[in-house]
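Dear colleague,

Please find below the sequence and the structure that I am handing over to you. A written account of the findings follows directly after them.

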Amino acid sequence: MNIQIFGTNKNFDCKKAQMWFKERRIDFQFVDLKQKSMSLGEFDSVLSSLVKLYGNKEEALQQMIDKTSKDYSSIAYLDDSEIANKLFECQNLLKQPIVRNGKTQASVGFCSKIWES
(Lines give C-alpha, C1' and ligand atoms only; values in the text may rest on other atoms or scores of the structure.)
Protein backbone atom coordinates (compact mmCIF):
# COMPACT_ATOMS: atom_id res chain seq x y z
CA MET A 1 0.00 0.00 0.00
CA ASN A 2 1.13 3.49 -0.83
CA ILE A 3 -1.11 5.76 1.28
CA GLN A 4 -0.86 9.53 1.01
CA ILE A 5 -2.80 11.95 3.18
CA PHE A 6 -3.14 15.46 1.80
CA GLY A 7 -4.21 18.18 4.21
CA THR A 8 -2.95 20.69 6.74
CA ASN A 9 -1.53 20.17 10.19
CA LYS A 10 -4.17 22.40 11.77
CA ASN A 11 -7.15 20.52 10.33
CA PHE A 12 -8.86 18.33 12.95
CA ASP A 13 -9.98 15.67 10.45
CA CYS A 14 -6.42 15.39 9.11
CA LYS A 15 -5.12 14.78 12.62
CA LYS A 16 -7.86 12.22 13.16
CA ALA A 17 -7.00 10.45 9.89
CA GLN A 18 -3.31 10.30 10.79
CA MET A 19 -4.18 8.84 14.19
CA TRP A 20 -6.53 6.30 12.55
CA PHE A 21 -3.72 4.99 10.33
CA LYS A 22 -1.12 5.09 13.14
CA GLU A 23 -3.38 3.06 15.45
CA ARG A 24 -3.62 0.36 12.79
CA ARG A 25 0.13 0.53 12.08
CA ILE A 26 -0.46 1.46 8.44
CA ASP A 27 2.37 3.46 6.90
CA PHE A 28 1.40 6.68 5.19
CA GLN A 29 2.94 9.83 3.81
CA PHE A 30 1.48 13.14 4.99
CA VAL A 31 1.62 16.03 2.53
CA ASP A 32 0.96 19.45 4.03
CA LEU A 33 -0.95 21.46 1.44
CA LYS A 34 0.33 24.72 2.93
CA GLN A 35 3.91 23.71 2.10
CA LYS A 36 3.43 21.70 -1.09
CA SER A 37 0.32 21.64 -3.23
CA MET A 38 -0.92 18.64 -5.19
CA SER A 39 0.48 18.22 -8.66
CA LEU A 40 -1.91 18.14 -11.61
CA GLY A 41 -1.39 14.37 -11.94
CA GLU A 42 -2.22 13.79 -8.28
CA PHE A 43 -5.29 16.02 -8.51
CA ASP A 44 -6.49 14.22 -11.66
CA SER A 45 -6.02 10.78 -10.11
CA VAL A 46 -7.99 11.82 -7.01
CA LEU A 47 -10.76 13.24 -9.21
CA SER A 48 -10.94 10.15 -11.42
CA SER A 49 -11.08 7.89 -8.34
CA LEU A 50 -13.94 9.95 -6.93
CA VAL A 51 -15.76 9.84 -10.28
CA LYS A 52 -15.69 6.02 -10.03
CA LEU A 53 -16.94 6.24 -6.44
CA TYR A 54 -19.75 8.77 -6.99
CA GLY A 55 -20.73 7.99 -10.59
CA ASN A 56 -20.13 11.32 -12.33
CA LYS A 57 -17.69 14.20 -12.42
CA GLU A 58 -20.08 16.87 -11.15
CA GLU A 59 -20.92 14.91 -7.98
CA ALA A 60 -17.24 14.07 -7.42
CA LEU A 61 -16.31 17.77 -7.67
CA GLN A 62 -19.08 18.72 -5.24
CA GLN A 63 -17.73 16.16 -2.76
CA MET A 64 -14.24 17.70 -3.03
CA ILE A 65 -15.38 21.23 -2.11
CA ASP A 66 -15.09 22.38 1.49
CA LYS A 67 -18.31 24.36 1.83
CA THR A 68 -17.19 25.75 5.22
CA SER A 69 -14.08 27.38 3.74
CA LYS A 70 -13.87 31.15 3.94
CA ASP A 71 -13.12 31.22 0.19
CA TYR A 72 -16.17 29.10 -0.74
CA SER A 73 -17.95 32.11 -2.23
CA SER A 74 -15.31 32.27 -4.98
CA ILE A 75 -16.39 28.87 -6.28
CA ALA A 76 -20.06 28.59 -5.28
CA TYR A 77 -21.52 30.01 -8.50
CA LEU A 78 -19.05 28.74 -11.09
CA ASP A 79 -20.01 26.41 -13.94
CA ASP A 80 -19.07 22.76 -13.46
CA SER A 81 -16.46 23.13 -16.21
CA GLU A 82 -14.65 25.85 -14.23
CA ILE A 83 -14.85 24.24 -10.77
CA ALA A 84 -12.07 21.69 -11.38
CA ASN A 85 -9.64 24.38 -12.53
CA LYS A 86 -10.48 26.63 -9.58
CA LEU A 87 -10.08 23.75 -7.09
CA PHE A 88 -6.66 22.92 -8.53
CA GLU A 89 -5.55 26.57 -8.45
CA CYS A 90 -6.91 27.25 -4.95
CA GLN A 91 -6.36 24.01 -3.03
CA ASN A 92 -7.45 25.51 0.29
CA LEU A 93 -11.00 24.97 -1.05
CA LEU A 94 -10.54 21.18 -0.95
CA LYS A 95 -12.25 19.16 1.76
CA GLN A 96 -9.62 17.56 3.97
CA PRO A 97 -8.16 15.04 4.40
CA ILE A 98 -7.68 13.66 0.93
CA VAL A 99 -6.50 10.09 1.31
CA ARG A 100 -5.00 8.41 -1.71
CA ASN A 101 -4.10 4.73 -2.02
CA GLY A 102 -1.97 4.42 -5.13
CA LYS A 103 -3.41 5.93 -8.29
CA THR A 104 -6.73 4.11 -8.30
CA GLN A 105 -8.36 4.78 -4.92
CA ALA A 106 -9.06 8.03 -3.09
CA SER A 107 -11.43 9.51 -0.55
CA VAL A 108 -12.21 13.00 0.65
CA GLY A 109 -12.99 13.83 4.27
CA PHE A 110 -12.80 11.47 7.22
CA CYS A 111 -14.05 8.15 5.76
CA SER A 112 -12.93 5.32 8.02
CA LYS A 113 -15.43 2.89 6.47
CA ILE A 114 -13.83 3.35 3.06
CA TRP A 115 -10.31 3.04 4.51
CA GLU A 116 -11.16 -0.25 6.22
CA SER A 117 -11.84 -1.82 2.83
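**Helix and sheet**

Helix α2, which comprises residues 40-54, lies across β1, β3 and β4 and runs at about 85° to β4. Contact here means heavy atoms within 4.5 Å. Axes are lines fitted to C-alpha atoms, for helices over the stretch in contact, and angles run from 0 to 180 degrees between N-to-C directions. Helices (H or I, at least four residues) and strands (E, at least two) are DSSP runs, numbered from the N terminus.

Please note that this is a predicted model, in which local features need pLDDT of at least 70 and side-chain atom pairs count only at pLDDT 80 or more, while totals for chains, interfaces and linings use all residues. Residues are numbered from 1 along each chain as its sequence is written, and side-chain values use heavy atoms, with hydrogens and water left out.

The sheet is open and is formed by four strands in the order β2-β1-β3-β4, with mixed pairing. β2 and β4 (105-108) stand at the edges with a single partner strand each, so one side of each has no neighbour in the sheet. On average, neighbouring strands of this sheet are turned by 15° against each other, direction ignored. Two strands are taken to pair if DSSP finds at least two bridges between them. In general, strands of a sheet pair through backbone hydrogen bonds, either parallel or antiparallel.

**Strand β1 and its partners**

Strand β1 (residues 3-7) pairs with β2 in the parallel sense over five bridges. Within this pairing, Phe 6 has Val 31 of β2 as its bridge partner. Helix α1 packs on the sheet and touches β1, β2 and β3, its direction making about 160° with that of β1.

On the β3 side, β1 and β3 run antiparallel and are joined by four bridges. Ile 3 has Asn 101 as its bridge partner in β3.

How many of the residues of β1 are buried? Five of its five residues are buried, where buried means under 20% relative accessible area, exposed over 50%, and partly exposed in between (1.4 Å probe, protein chains only). Both faces of the strand are covered, with Ile 3, Ile 5 and Gly 7 buried on one side and Gln 4 and Phe 6 buried on the other. In a regular strand the side chains alternate between the two faces of the sheet.

One salt bridge is counted, a salt bridge being a side-chain nitrogen of Lys or Arg within 4 Å of a carboxyl oxygen of Asp or Glu. This salt bridge links Arg 24 with Glu 23, the closest N and O atoms being 3.5 Å apart. Arg 24 is partly exposed at 39% relative accessibility, whereas Glu 23 is exposed at 55%.

Arg 25 is placed in the loop between α1 (12-23) and β2 (28-32). This residue is not a glycine, yet it has a positive phi of about 55°. Arg 25 is exposed, because its relative accessible area is 78%.

**The loops on either side of α4**

Gln 91 is located in the loop between α4 (80-89) and β3 (98-101). With a relative accessibility of 8%, Gln 91 counts as buried. Residues up to four places away in sequence aside, Gln 91 touches Leu 33, Ser 37 and Met 38. A polar atom of its side chain lies 3.3 Å from the backbone oxygen of Phe 88; a polar contact is a pair of N or O atoms within 3.5 Å, where within protein one must be able to donate a hydrogen and the other to accept it, and residues adjacent in sequence count only if both atoms are side-chain atoms.

Pro 97 belongs to the loop between α4 and β3. The peptide bond from Gln 96 to Pro 97 is cis, with omega near -5°. Most residues other than glycine have a negative phi, and most peptide bonds are trans.

Ser 69 is found in the loop between α3 (57-64) and α4, and is buried with a relative accessible area of 14%. Ser 69 touches Asn 92 and Leu 93, not counting residues up to four places away in sequence.

Yours sincerely
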